[in-house]
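Trainee: I would like to learn how to read side-chain features in a model. Please take them one at a time.

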Amino acid sequence: MNNELPTTDDFRSILLNQTPLIDVRAPIEFAKGALPNAINLPLMQDSERQQVGLCYKQQGQQKAIELGHQLVNEAVRKPRIQAWCNFKNQHPQALIYCFRGGLRSRISQQWMTQNGCEITRIKGGYKAFRQYLMQSLDEMAIKLQSGQRMPWVLAGRTGSGKTQVLNSVSFSVDLEGLAQHRGSTFGRHAWAQPSQIDFENQLAARMFELDAQVQPNWLFEDEARNIGSVHLTQALYAAIKSGGRILVETPFEQRRQNILSEYVIEAQGEYADLGAWVDYMQSRFERIAKRLGGVGYAQVRQAFDQACLWQQRTGDLVKHLAWIDQLLTDYYDPMYDYQLKRYPQPFVMQGSAVEVVAYLKSF
């Protein structure tokens, strides 16, 4: 094996340049967590990796390597090498990695080189890069807590349009966007959230980017520590919460329209048909039934069912506003008021979305 093939552990540059990466681990490994800007083009498929792993445990490394070469023979190897080379040709700066930057990525790197396609391997592989990202998250939490970077927390009632405010400034960290979740009982998308590892990796990359820009102010939405199935570390959550709070004030009429647009129109577009969305929504209503109380739950469900029947008959969405109004009045707003009383931290600034954006851009 040629040990002189080029390697790099300049993780900082890889992150800041958003360098395309080839992950040659098996799909099952990739699904558990991958590096930002990585594509999975495996050296071995899951079944092949399993066989080689079993052989390694029973007969040792050399026998496992021999089995690996048998399974990934010349005929199997050729299209895999071609896929790596195609990606490298499309992305000349691309790098390659496996779990520890060892055998699998070196073999892949050598085969590519033998086919006239040179590529650099990430030294230490996924494991070393992942440790770097987690260390960066810890360092960012310290910077936010100590005031080296100033956290700002954007608060507002459900439907206030906080995401639009976040997207209007260059120094925001969109936690809901990274989590692929709208951050509420009804906030799940039709697709799966990223793994906890992928969420942390992407979050670290975004915060690393802001830090490298020497951006003094960082804007976060006022989130719970858990965002759907993923969560923030306790240290980072505490650091974010230590920041100054800004309140977006949005009229009730605009809030209900925002909810209609996001939780009905956009959400329905994510599902194969209306029935699938209805099933999902009904499961969400059931989760908050106790909070709504027996009468409240029955009223919301009746309004929702009537709105869906009306939509099926006419295509009109207007009746959805009835259950939205009730949720805002009887569920979301009381919950928000409770949180305000529980954490009575004053707001540094409060105003309309336009006023808040103007304030943030004045920094």
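Trainee: Is tyrosine 332 buried or exposed?

Mentor: Tyrosine 332 is buried, with a relative accessible area of 7%. Buried means under 20% relative accessible area, exposed over 50%, and partly exposed in between, using a 1.4 Å probe and protein chains only. Note that this is a predicted model, in which local features need pLDDT of at least 70 and side-chain atom pairs count only at pLDDT 80 or more, while totals for chains, interfaces and linings use all residues. Residues are numbered from 1 along each chain as its sequence is written, and side-chain values use heavy atoms, with hydrogens and water left out.

Trainee: Which residue lies over the face of tryptophan 111?

Mentor: Arginine 77 does, at 4.1 Å from the ring centre. A charge sits over a ring if NZ of Lys or CZ of Arg is within 6 Å of the ring centre and within 35 degrees of the ring normal. Arginine 25 is placed over the face of tyrosine 126, at 4.3 Å from the ring centre.

Trainee: How many residues are in the largest nonpolar core?

Mentor: In soluble globular proteins, nonpolar side chains tend to be buried together. A nonpolar core is a set of buried Ala, Val, Leu, Ile, Met, Phe, Trp, Tyr and Cys residues joined through side-chain atoms within 4.5 Å. Here the largest has 48 residues, and those with the most contacts inside it are Ile122, Leu203, Met207 and Leu236. Not counting residues up to four places away in sequence, leucine 236 touches Leu137, Ala141, Leu144, Leu203 and Met207, where contact means heavy atoms within 4.5 Å. Apart from this core lies another, of 28 residues, including Phe186, Phe285, Ala303 and Tyr332.

Trainee: How many salt bridges are there?

Mentor: Side chains of opposite charge can pair when their charged atoms come close. A salt bridge is a side-chain nitrogen of Lys or Arg within 4 Å of a carboxyl oxygen of Asp or Glu. The count is 20. One of them joins arginine 255 and aspartate 333, at 2.6 Å from N to O. Arginine 255 lies in helix α12 (residues 252-268) and aspartate 333 in helix α15 (residues 320-342), so this pair ties together parts 78 residues apart in sequence. Helices (H or I, at least four residues) are DSSP runs, numbered from the N terminus. Arginine 255 counts as buried at 4% relative accessibility, and aspartate 333 counts as buried at 13%. A network of salt bridges links Arg157, Arg255, Asp333 and Asp337.

Trainee: What separates glutamate 209 and arginine 206 in helix α10?

Mentor: About one helical turn, because they are three residues apart in helix α10 (residues 196-212). Glutamate 209 counts as partly exposed, at 28% relative accessibility.

Key. Helices (H or I, at least four residues) and strands (E, at least two) are DSSP runs, numbered from the N terminus.
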